[in-house]
Amino acid sequence: SHLGHSTSLWNPLNSRYIFGIRSGIHIISLDVTAAHLRRACRVVSGVTERGGLVLFVGTRKGQDRCVVNAAKLAGGCHLFERWTPGSITNGHQILGRCKMKVVDEFDQPIPGLENELLERPVLKPDLVVCLNPLENWNMLHECGLHGVPTIGIIDTDANPTWVTYTIPANDDSLRCVQLVAGVLGKAGEEGQRRRRERAKRGDVTYQPEEFELKTKEGEMKTGGDEEAVHHAGGSG
């Protein structure tokens with residue numbers, strides 16, 4: 001995870017992450033990597049603890065399995081194919097067919113609200129974790145335009161300003177990417193666990209959405225214990 005790229009390919013904005021040079025290759029400081037990874041874990045766990053939706057993205061060969069596993073741990077979504085431009089800007093047209101569901105504070109589905117979801121806009125993620133920013137710069141740019149915070153593995157040849165929270169590391173090493181994804185997935189799982197424990201004590205960590213549910217008698221009642229709508233599928 002400490003091996004960067006050739007000194008001729010480096011981005012000067014990454015100078016604060018570089019420990020030194022060996023055989024013409026920049027060496028990334030592992031102390032800096034560990035510090036930034038711990039910060040990213042706090043961000044992921046904080047988002048999931050508040051019922052937020054985390055999207056894990058990794059589109060290089062071999063990254064699909066770790067992306068799916070991290071999303072499952074964090075209770076989020078995953079994307080291991082090409083990002084479709086406009087998925088956030090024009091989400092209703094591009095992602096309008098994606099299934100959604102309403103869950104309570106214990107992540108149990110609440111039936112009877114399917115018709116209410118038809119009128120609601122498509123969800124956008126509360127946080128995006130990108131394992132290969134160089135190939136997904138258009139996605140990161142779109143996230144920036146819409147105020148979606150991002151976490152990304154930044155190698156010495158990448159632009160650290162593309163993401164909100166950087167993790168300086170070797171994005172070409174599959175083992176390094178798997179490690180980072182696994183750690184962030186575990187952090188998301190820990191946030192989910194804390195949220196459910198607080199819900200058992202009656203402390204809901206999010207502001208619930210209100211939906212109108214039609215009863216069989218035609219009366220209207222408001223459901224006040226629902227959580228924000230989550231994607232039913234695992235893919236983003």
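Predicted model: local features only at pLDDT ≥ 70, side-chain atom pairs only at ≥ 80, totals over all residues.

Biologist: Okay! How many helices and strands are in the chain?

Modeller: Its secondary structure comes to six helices and 12 strands.

Biologist: And what share of the residues is buried?

Modeller: The chain has 236 residues, and 46% of them are buried. If you take contacts between residues at least 6 apart in sequence, 61% join residues at least 24 apart.

Biologist: Which residues touch the most other members of the largest nonpolar core?

Modeller: Those are Phe 56, Val 129, Leu 131, Ile 151 and Leu 184, in a core of 26 residues. At least two residues of this core come from each of these: helix H1 (30-49), strand E4 (54-57), helix H2 (64-74), strand E7 (127-130), strand E8 and helix H6 (174-200). There's another core lying apart from it, with 16 residues, including Trp 83 and Val 148.

Biologist: Back to Phe 56. What is it in contact with, leaving aside neighbours within four places in sequence?

Modeller: Quite a list: Val 67, Ala 70, Ala 71, Ala 74, Cys 77, His 78, Leu 79, Val 129, Leu 184 and Gly 185.

Biologist: At what angle do H1 and H6 pack?

Modeller: About 35°, and their axes are 7 Å apart. The crossing is right-handed. On the H1 side, the contact is made by residues including Leu 37, Ala 40, Cys 41 and Val 44, and on the H6 side by residues including Leu 184, Ala 187, Gly 188 and Gly 191.

Biologist: And what comes just after H6?

Modeller: Gly 202 is there, and it takes a positive phi of about 85°.

Biologist: Which residue has a positive phi although it is not a glycine?

Modeller: Ser 23 does, with a phi of about 55°. Most residues other than glycine have a negative phi. Ser 23 is in the loop between strand E2 (18-22) and strand E3 (25-28).

Biologist: Is Ser 23 buried or exposed?

Modeller: Ser 23 counts as exposed because its relative accessible area is 74%, and the cut-off for exposed is over 50%.

Biologist: New topic: where is Thr 150?

Modeller: Thr 150 is in strand E8 (residues 150-154). Thr 150 counts as buried because its relative accessible area is 2%, where buried means under 20%. Its side chain reaches the backbone nitrogen of Thr 164 at 3.0 Å. Beyond its sequence neighbours, Thr 150 also touches residues including Leu 127, Leu 140, Cys 143 and Trp 162.

Biologist: What about Asn 136?

Modeller: Asn 136 is in the loop between E7 and helix H5 (137-145), and it's buried, with a relative accessible area of 2%. A polar contact of 3.3 Å joins its side chain to that of Thr 59. Leaving aside neighbours within four places, Asn 136 is in contact with Val 57, Thr 59, Trp 83 and Cys 130. Asn 136 and Trp 83 are 53 residues apart along the chain, with their C-alpha atoms separated by 7.2 Å.

Biologist: Last one: where is Gly 62?

Modeller: Gly 62 is in the loop between E4 and H2, and at 31% relative accessibility it counts as partly exposed. Its C-alpha is 9.9 Å from that of Val 177, which is 115 residues away along the chain.

Definitions and conventions. Residues numbered from 1 in each chain as written. Heavy atoms only, no water. Helix = DSSP H or I, 4+ residues; strand = E, 2+ residues; numbered from the N terminus. Buried < 20%, exposed > 50% of the residue type's maximum accessible area, 1.4 Å probe, protein only. Polar contact = N/O pair within 3.5 Å; in protein donor to acceptor, adjacent residues only side chain to side chain. Contact = heavy atoms within 4.5 Å. Core = buried A, V, L, I, M, F, W, Y, C linked by side-chain atoms within 4.5 Å. Axes fitted to C-alpha atoms, helices over the stretch in contact; angles between N-to-C directions. Left-handed = near helix turned anticlockwise from the far one by under 90°.
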